[in-house]
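Subject: Structure for your files, with notes

Dear colleague,

I am passing on the structure that I said I would send, and I would be grateful if you could read the notes below with the model open beside them.

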Amino acid sequence: MSDPYDLVVIGGGSAGLTAARTAGRLGARVLLAERERLGGDCLWTGCVPSKALLHVAAQVHAARGAGRYGLHPRPHGRADSAAALGHVRQAIAEIEPHDSVEALRPLGVEVVHGAAEFTGPRGLRVGGRELAFRYALIATGSAPALVPVPGLAESQPLTSDTVWGLEELPERLVVLGGGPIGCELGQAFARLGSRVTVVEAAERLLPREEPRASHLLRERLESEGVSVRTGWAAEKAEQGALVGPGGKLPYDVLLAVTGRRATVQGLCVEAAHVEVDEHGNIRTDKRLRTTNPRVYAAGDVTGLSAFTHLGGVQGSAAAAHALLGVRRRLDYAAVPSVTYTDPEVARVGPTEDEAREKYGGKVRVRTLRHDRVDRAVVEGRTEGFTTLVLGPRGRIVGATVVAPRAGETIAHLAAAVRGGWTASRYAATVHPYPSWTDGPWHAALEEVYARLAAPRTRWITSAVLSARRKLRR
Ligand SMILES: Cc1cc2nc3c(=O)[nH]c(=O)nc-3n(C[C@H](O)[C@H](O)[C@H](O)COP(=O)(O)OP(=O)(O)OC[C@H]3O[C@@H](n4cnc5c(N)ncnc54)[C@H](O)[C@@H]3O)c2cc1C
Ligand SMILES: NC(=O)c1ccc[n+]([C@@H]2O[C@H](COP(=O)([O-])OP(=O)(O)OC[C@H]3O[C@@H](n4cnc5c(N)ncnc54)[C@H](O)[C@@H]3O)[C@@H](O)[C@H]2O)c1
């Protein structure tokens, strides 16, 4: 067996790639093992293809609406599936080189192709080699999980892994699951011309978001022809129909997007004394160390992250912890999440209800409807809103923005949450006009105006005004 590597990273997705790059930049001897394709879920079956498809769908949707401005005839029918999926493949092809063996080599990252398995607490086997490591990082991600609905597995539904292999747009698409994936893909396929039904067992779409965001998104989807069934738990799947409350939903294609499960099979984690928790995720402490202090974990496999941006940050932090012994605290309270539907639903921190559970009566909420945002008015998109959740000492602890490009707007609010800013501190930054960032800015200004109007402040300002009037008389 050769000298031990400083760090062996298992899995070349968002978390593993970022960890390997960090380790390489630190000058460590690092090996990255990947069993399929570098880039992982995000590049091949997740963020990149879904956002590329949503982009095509948005173009098609805009073209259909151009009749309003005199451009006729109004295009109808289904978009060209080959062209739509061609754009998806092109986006992947353009991003892929950034995640390639060639891009990693200058950073000193060695890549081995193969499925890694632990052979002991400080050793593993991959690509026919037995390796020793000082530290290892498990970044093996997650895979679609089918809910235990009778007949579902036998019906062989498409998942977010396999939907990209479709050659034709389905005539009737039933989407099982109204979470982020179901809403994004449901809207994309509907805009491209499929007849889409989204079914969700909970009482509303995107159950983790502000109820107002869920209702608004539902209205929007329905206005675009998507049939939405909430409180609709699938009971049975048959060939060609999903069965649930009130009867059958016939489909040509069934897409099951009901959550994901950590990928730990085949890793032989027991050999490394690495424990898995009751949900099947790798158990980690605050520093992302597993139950073996020589082995760390990052990304979807931990159950602490379901996003590329967070998986990458975890990977980088875990590499630095392991190699340098530094303690970089991860601030989960300020991690934004975005569902890239139109409008986008973006949030950082807790919802209003979650904040009230945590902070009780100290919570105040400012919501600004976007009919007060000039950018929304000029684009004819006033349906959205911004909510700021203020916690103890008036600090912004959470925010939700529902609007086109809310994913960009939320980044500044994430900085505010991370910095523990009050609404007035946030409002002191000048925001560009007319931009979507006017939503959060004016919501924060509303809080400032309310404070100015409070009796105590009003008493002080009145006293100052009156004193200055007398002085200058
Ligand atoms: C449809 C969809 C849309 C999404 N959209 C977004 C989005 O817009 N924004 C966002 O932030 N997140 C999004 N996500 C989530 C995001 O894709 C994941 O959070 C992210 O890709 C997880 O990264 P990871 O590195 O933890 O795992 P992965 O990307 O899954 O990488 C794990 C890698 O490990 C490899 N592997 C597994 N076992 C072994 C082994 N034994 N040996 C060697 N290699 C192994 C796998 O082949 C894989 O390449 C989306 C997900 C889906 C499904
Ligand atoms: N834009 C993004 O950042 C983005 C996009 C897509 C996915 N992701 C992440 O990927 C992960 C997986 O997403 P997802 O949408 O698959 O999972 P999810 O768990 O968020 O949503 C699945 C939905 O399916 C519903 N469901 C479960 N069983 C059902 C049944 N029998 N009948 C009807 N509905 C049922 C659940 O109530 C839930 O709302 C999430 O953690 C998400 O955050 C992120």
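The notes below go through the domains, the ligand surroundings and some local backbone features.

This is a predicted model, in which local features need pLDDT of at least 70 and side-chain atom pairs count only at pLDDT 80 or more, while totals for chains, interfaces and linings use all residues. Residues are numbered from 1 along each chain as its sequence is written, and chains are lettered from A and ligands numbered from 1 in the order in which they are written.

Domains

The protein is divided into domain 1 (5–143 + 261–332), domain 2 (163–258) and domain 3 (335–455), with bounds that come from an automatic or database domain assignment. The centres of domain 2 and domain 3, taken over C-alpha atoms, are separated by 29 Å. Twelve residues from domain 2 and 15 residues from domain 3 make up the contact, where two residues are in contact if their C-beta atoms, placed from the backbone, lie within 7 Å. On the side of domain 2 that touches domain 3, H6 and H7 each supply at least two residues, and the largest share, five residues, comes from H7. Helices (H or I, at least four residues) and strands (E, at least two) are DSSP runs, numbered from the N terminus. That side of domain 2 divides into six nonpolar residues, one polar and five charged; here Ala, Val, Leu, Ile, Met, Phe, Trp, Tyr, Cys and Pro count as nonpolar, Asp, Glu, Lys and Arg as charged, and the others, Gly among them, as polar.

UniProt, in an unreviewed entry, lists residues 5–309 for "domain: FAD/NAD(P)-binding", and residues 335–442 for "domain: Pyridine nucleotide-disulphide oxidoreductase dimerisation", also from an unreviewed entry. UniProt positions are given in the numbering used here, feature names are shortened, and annotations may be inferred rather than shown by experiment. Over residues 5–309 the chain is 27% helix and 24% strand, with its end C-alpha atoms 26 Å apart, whereas over residues 335–442 the figures are 34% helix and 26% strand, with the end C-alpha atoms 22 Å apart.

Ligands

Around ligand 1 there are 39 residues, of which Gly-11, Gly-13, Gly-40, Gly-141 and Gly-299 come nearest; a residue is near a molecule if its C-beta atom, placed from the backbone, lies within 6 Å of it. Two or more residues of this shell are given by each of helix H1 (14–25), strand S2 (30–34), helix H2 (40–44), helix H3 (47–65) and helix H8 (308–324). By class, the shell around ligand 1 holds 14 nonpolar, 19 polar and six charged residues.

Ligand 2 is surrounded by 27 residues, the closest being Gly-177, Gly-179, Ile-181, Ala-201 and Ala-306. Helix H6 (180–192), strand S9 (195–200) and strand S17 (337–339) are the elements that give two or more residues to the shell around ligand 2, and H6 gives the most, with four. The shell around ligand 2 comprises 16 nonpolar, eight polar and three charged residues. Because domain 2 and domain 3 both give residues to this shell, ligand 2 lies between them.

Helix H7

The 13 residues of helix H7 (residues 211–223) should span 18 Å at 1.5 Å a residue, which agrees with the 18 Å between its end C-alpha atoms; the expected span is 1.5 Å times one less than the number of residues. Its buried residues are Ala-213, Ser-214, Leu-216, Leu-217, Arg-218 and Leu-221, where buried means that 20 or more other C-beta atoms lie within 10 Å of a residue's own, exposed that 12 or fewer do, and partly exposed in between, with C-beta atoms placed from the backbone. These buried residues of H7 pack against H6, S9, strand S10 (227–230), strand S18 (344–348) and strand S21 (396–403).

Backbone features

Most residues other than glycine have a negative phi, and most peptide bonds are trans. Leu-206, in the loop between S9 and H7, has a positive phi of about 40° although it is not a glycine, and Leu-206 is buried, with 22 other C-beta atoms within 10 Å. Cys-268 has a positive phi of about 55° and counts as partly exposed, with 16 C-beta neighbours inside 10 Å. A cis peptide bond joins Asp-342 and Pro-343, with omega about 0°, and the peptide bond from Tyr-433 to Pro-434 is cis, with omega near -5°.

With best wishes
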